[in-house]
Amino acid sequence: MPKTISVTGNLAAAYAAKTANPAVIAAYPITPQTEIVEKMADFVESGELKAEYVRVESEHSAMAACIGASALGLRTFTATSSHGLALMHEMLHWAGRARLPVVMPVVNRALGPPWNIWVDHTDSMATRDTGWIQFYAANNQEVYDTVLELFRLCEDPEVVLPGMVCLDAFILSHTSTAIVVYDHDEISGFLPAYQPGHWKLDPDDPMANGNIAGPEYYYELSYAIHEGFEAARKLIPIIEQDFYKRFGRRHGGFINAYRCNDAEVILLAMGTMGEEAQLAVEHLRDQGVAAGSARLRVFRPFPVKEVQALAAKAKAFVVVDRSLSYGHAGAAATEIRSALYRGTHHIPVLGFVAGLGGRDVRYTDMITMIQAGFKAADKGEAGADQFYGLKR
Amino acid sequence: MVTIKEMPREEYIECGHAACAGCGATIGIRHALKALGKDTILVVPACCTSVIQGLYPLNALHLPVLNVAFMTAGASASGVAAGLRYLGKDKEITVMAWAGDGGTYDIGIQALSGAAERKTNFIYTCYNNQAYGNTGLQRSGATPFGAYTTTTPTGKREFPKPMGRIMAEHDIPYVAVICASYPRLVFDTYRKARDIVGTRYIEMLTPCPTGWRFPGSKSIEMGRLAVETGAWIMWEKQGEDWRFLDRSKLIAEGKVARRPLMDYLKPQGQFYTLLRDPAMIEQFERWVDREWDVMKRRVGC
C-alpha cells in the first residue's frame, strides 16, 4: 500500500532509492547530502533493502565504485553535493562515456572558498557537459518521483546514460513535507529490473570497455551519447505520462508552466525558485498583470522546442539563475537565449543572477524582476544581465 | 613450484598486443592470467596496459576488461567486487586490478588503501616499471634513487617508498613482492592469491627496456639482476607469516651471496648520471643494505 510519510527532501531521495531497489550503493558523506547516505545505510543494515553498500573514502571513489558495479549490469545509486560533485567530475565523464545508468541525487550547494553549505546551482551547472541527464526538483514528492522516473529513463536501452536529480540545499534537503511512498513491488510494473543490452562485465562473454579509440572512432562514440540524450528527450514525456497513469502525479515534463498561456512576461527559474515564482505570478495576476512562470525541470537534454514554444506568445522572458558563469551570465539564461536564437520568436531575455550561496530570493523579489521584464518588453531589449540584490 | 610444462596452455593475452618489444609487464600479465584463468575480471586504470591491450574495437586481452580512470583502480574494483557479492558470484569470479606504479604509489594510493581497509575481496597488482612509462618515463614514487627520468634529468634524489610493506601494514591476508623475470614464481604466487579471500596485494617488478634503457632481449636478465644483486627483494606475507621468496630466500639464508650492485646498475642507461658519482652509488648501496635489514627483521631471521 502507498504510505504517506513526512520526510525531508533528502529522505525523499533515500526512500525513492530504496523503492527502486538498487543492487549496489557507494557513497561518501557531505553536508547537506549526508541524510541520504545515512538513511541508505539504515535500509541496508536493517535488512529492509538487500544491497551492497560500499562506504568509500571519497566521492571520486564513490562514482568509481558505482561505475564498477554498474558495469556488471546492476542498478547502482549514490548521492553527493557541491565539493563532492566537483571531486567526482572526472568520474561523471567516465560514467557518461561508459554508458552506465547510475542515478544520483545532487543536493545543490555552493562551492568554496569561503565555505558555504547553502543552496547554489553552480555545482551541478559545472557538470552539464559530462553526459548526465539533469533534472531539477522543486518539492519533496517531485524528488521522490523523479528518482524513480530517472532510473526508468536512464536504464532504457535507447538511453543508457547516468542521471542526476538536483534538489536545493536545505530549502528541500532539510525541510519536511508529506509525501507518498511505495514498496518496490508496487512500482515494479513501472520500473522493471535493469537489463543491460549493450555490454557488461561477464567472463562468459568477455568484452572490454574503454580501451584506446583513436580519432576514427571517438567522434562517433560521442555522437552516440548525443543520440542517447535525444532518445531521452522523446522518452521523458512518455515516462511521465506512464507514471501519471499509474500513480496520479506529474510534475510538468520539461517545463512546469504556470499561467503562461496569456502571459506577456514569463519568469523562468529552476528548483525551488521556480516554484516560488508561482507566488509572484499570483500576486501580479491579482493586480491584473499578465505574468507567468515557468520552471525548467530538465536541463539536459535541454528543452529547446519547449522554450521556443513558450516564447511564441510572450513579450519578454525573465530568467533567474542561482548560478553564475563568471565572465558571462547565469547558465539557464545563456541556454534559453541560445534556444530562442535558433527559433523564430526573438523576445528580450532579461537575466538575473540571484540567491548565490543561499541568499534568500522571495516572491517579492521576483515581482520586482517581472516588473523589470515588462520594461524590457516595452523597450524591446533586455540589456545587460543584472545581479539582483548585490550589496555594493 | 609449477614447471613451465605444467602451466595452462591457454593464453589470455594474445600476440598482436601493443607492448614495446621485451616489455616486462606483458610477460608478467601473461603468467599471472594463466594462473587466474578464465573467470577473472580485469580493472585497468591508466597505465602501460591501457595501450598494451590494443586499440578499440579490438582487444588483446581475452577477459572482461573495465578500463578506469587513473586514480580509481582500488575504488572501481571495489564496485565490481560489491556487485559480484550481490550476485553471489564473488567466489567463482576473481577481480583483479592491474595498475602501474604511478597508479599505485602515487595517484591511486588513496583508493587502494580504502579498498584494503574495507577488506575488499580482490587482487590488486602493482606492476612496477619504476616510472610513468605510458607517458614517456616521468618520475614516480617508485622510481629508484639516482635514476634518470624525463622529470629527473640529473637523477632522482629520493628513494622509493616501501609500498609492499605499506600494504602489509594494512593487515590484508596476502602481500607478495615478486619479479616478472621469475615466471614460475609469478604463476605460483597468483595461483595462491586466487584462492585467498580478501584483499591481496601483489607487486611485480617488470623491467622496462624502453624506460630503463637496455636492449629488449635482456628483460628477463635485468629483472634477475635486480633480484640477484639484492636491489629488489622478493617476499610474501600470508597472515602473520613473512617469508623471503626464491632467490631472495637463498640470499637471506646466506646460501648465495648478493652480486655487486654495479652488476645491475651498469647495464642500464637509466643510471648514467648516478654512475658518475661514487657518493651516490654508495648511498644506493647503503639503502639496499638497510632494506635487507628491515626485511630480515620482518621475516625474523
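**A strand in chain B and its surroundings**

Modeller: Start with β3(B) and strand β4 of chain B, residues 122–128: the two run parallel and are joined by five bridges. Keep in mind that this is a predicted model. Within that pairing, B:Tyr127 of β4(B) stands opposite B:Gly100.

β3(B) also pairs with strand β1 of chain B, which covers residues 40–44. That pairing is parallel too, over four bridges. Here B:Leu42 has B:Met96 of β3(B) as its bridge partner.

Now look at the strand itself. β3 of chain B spans residues 94–100, and seven of its seven residues are buried, so the strand is largely enclosed by the rest of the structure. To count as buried, a residue needs 20 or more other C-beta atoms within 10 Å of its own. Which residues point which way from β3(B)? B:Thr94, B:Met96, B:Trp98 and B:Gly100 point one way. B:Val95, B:Ala97 and B:Ala99 point the other way. Both groups are buried.

Next, step out to the neighbouring chain. Chain B has 40 residues in contact with 37 residues of chain A. β1(B), the partner of β3(B), is among the elements that supply at least two residues to the side of chain B that touches chain A. The others are α2 (48–52), β2 (65–67), α3 (73–87) and α5 (109–117) of chain B. The most comes from α3(B), with twelve residues. By class, this side of chain B has 22 nonpolar, 14 polar and four charged residues.

Strand pairing also crosses between the chains. Strand β10 of chain A, residues 208–209, runs parallel to β2(B), and two bridges join them. A:Ala208 stands opposite B:Val65 there.

Finally, chain A itself. Its domain assignment gives domain 1 (3–247) and domain 2 (255–387). Taken over C-alpha atoms, the centres of these two domains of chain A are 28 Å apart. In domain 1 of chain A, 27 residues are in contact with 19 residues of domain 2 of chain A. On the domain 1 side of that contact, α6 (122–125), β7 (133–136), β8 (163–168) and α9 (215–247) of chain A each give two or more residues. The largest share, five residues, comes from α9(A). By class, that side of domain 1 of chain A has 16 nonpolar, six polar and five charged residues.

Methods
Residues numbered from 1 in each chain as written. Chains lettered and ligands numbered in written order. Predicted model: local features only at pLDDT ≥ 70, side-chain atom pairs only at ≥ 80, totals over all residues. Buried ≥ 20, exposed ≤ 12 C-beta atoms within 10 Å, placed from the backbone. Pairing = 2+ DSSP bridges. Domains from an automatic or database assignment. Contact = placed C-beta atoms within 7 Å. Nonpolar A, V, L, I, M, F, W, Y, C, P; charged D, E, K, R; others polar.
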